Amino acid sequence: MNKLEFLTRLRNNLERGGLGPDDINDALSYYEEVFLDAGFGKEEETAASMGSPEEVAVNILRESGIHVGGAPVMPPQRMNAPQGQNGPAMGYVPPKKKASGGTIALGIILGVLTFPIWLPLVIVVVTLLFTLIVVLISVFIAFVAAAIGLIIGGIAALFEFPAVGLMALGLGLFLTGIVILICKPAVSAAVPAIGRGIKSFCGWVVGLFKKGGKENV
Amino acid sequence: MGFSINAGLLDAMVLSIVQNNDTYGYEITQYLRKAVDISESTLYPVLRRLQKGEMLETYDKEFMGRNRRYYRITTKGNDSLEEYREEWRSHKKKIDSILLNEGAENNEQT
């Protein structure tokens, strides 16, 4: 429920209860301020933390001496409530309600509707991982190519310009050594590490959706 | 589990917070949350009641292009808060004497 919906329902309930226009405006401006103070983008959370507008209205009406049929539900009040036992950030106390089928469905709908937001993010992360792997492989290939080229070129140049040829040959062998040194531990360590990384990332993405379905809204 | 807070105690705590500093509704709730599990919807009737009882008065202050309603304690509110505090001290003592076995009549400690 967003701010507008909450305030509209609150107004309707207060009007139906017969509260004076001044009192109604006072209450509405208070609740609007709460939404604004809680911060932009936290409307759903704030609305949820206050309970239904009907309950809120009943409490206000009762305080103004208007009796409303049915037992008014007082929000739970406990001393030293353990903070954040099941609550999201910002110290909000979520309403003590079990997630019904409706809220789970709503979570799924929200997940689907917000896909323009998370889809690009997932794509960016995947692309970055891919780029990293490609860069590492490219650097490796460049080293190998340079080593081979220098050795062949060095042998070729050896007879015409012995000094240049020897230097090229030496550099080529030097690079070959580096490649061999990097290659052995890097390949044996990197391949399983990349595999694990991709696997855990996929697991994280899947977990995000499972959690999102349960906790969202 | 927890202990319930009654309306009087809530009134007293709100008065005490406002006495320290003029403040606005959202901040009062955040402050109360340190001790009590309440929501904005619990606080509004309390503020309204205190306002109607002339314990608190309000004024608007500009904040980021909008008005924020600040609460200020009145002389009447101050007097009432003192009464509440006195009452709480004796109440607390009585509860402690039973719950914590403190200051029983025959062995008066503290």
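Helix α4 (residues 53-63) of chain A and helix α3 (residues 40-52) of chain B cross at roughly 20°, so α4(A) and α3(B) are roughly parallel to each other (angles under 35 degrees count as such). Their axes come within 9 Å; axes are lines fitted to C-alpha atoms over the stretch in contact, with angles from 0 to 180 degrees between N-to-C directions. Helices are DSSP runs of H or I with at least four residues, strands are E runs of at least two, and both are numbered from the N terminus.

This is a predicted model, in which local features need pLDDT of at least 70 and side-chain atom pairs pLDDT 80 or more, while totals for chains, interfaces and linings use all residues. Residues are numbered from 1 along each chain as its sequence is written, and chains are lettered from A in the order in which they are written.

From α4(A), the contact is made by E55(A), V56(A), N59(A), I60(A) and E63(A); from α3(B), by S41(B), Y44(B), P45(B), R48(B) and R49(B). Two residues are in contact if their C-beta atoms, placed from the backbone, lie within 7 Å.

Chain B comprises 4 helices and 3 strands, in the sequence order α-β-α-α-β-β-α. Of its 110 residues, 27% count as buried, that is, have 20 or more other C-beta atoms within 10 Å of their own; 12 or fewer makes a residue exposed, and in between it is partly exposed.

E82(B) lies in helix α4 (residues 75-99) of chain B. E82(B) is exposed because 12 other C-beta atoms lie within 10 Å. The C-alpha atoms of E82(B) and L15(B) are separated by 9.9 Å, although the two are 67 residues apart along the chain.

Note on methods
Parallel < 35°, antiparallel > 145°, perpendicular 65-115°, else oblique.
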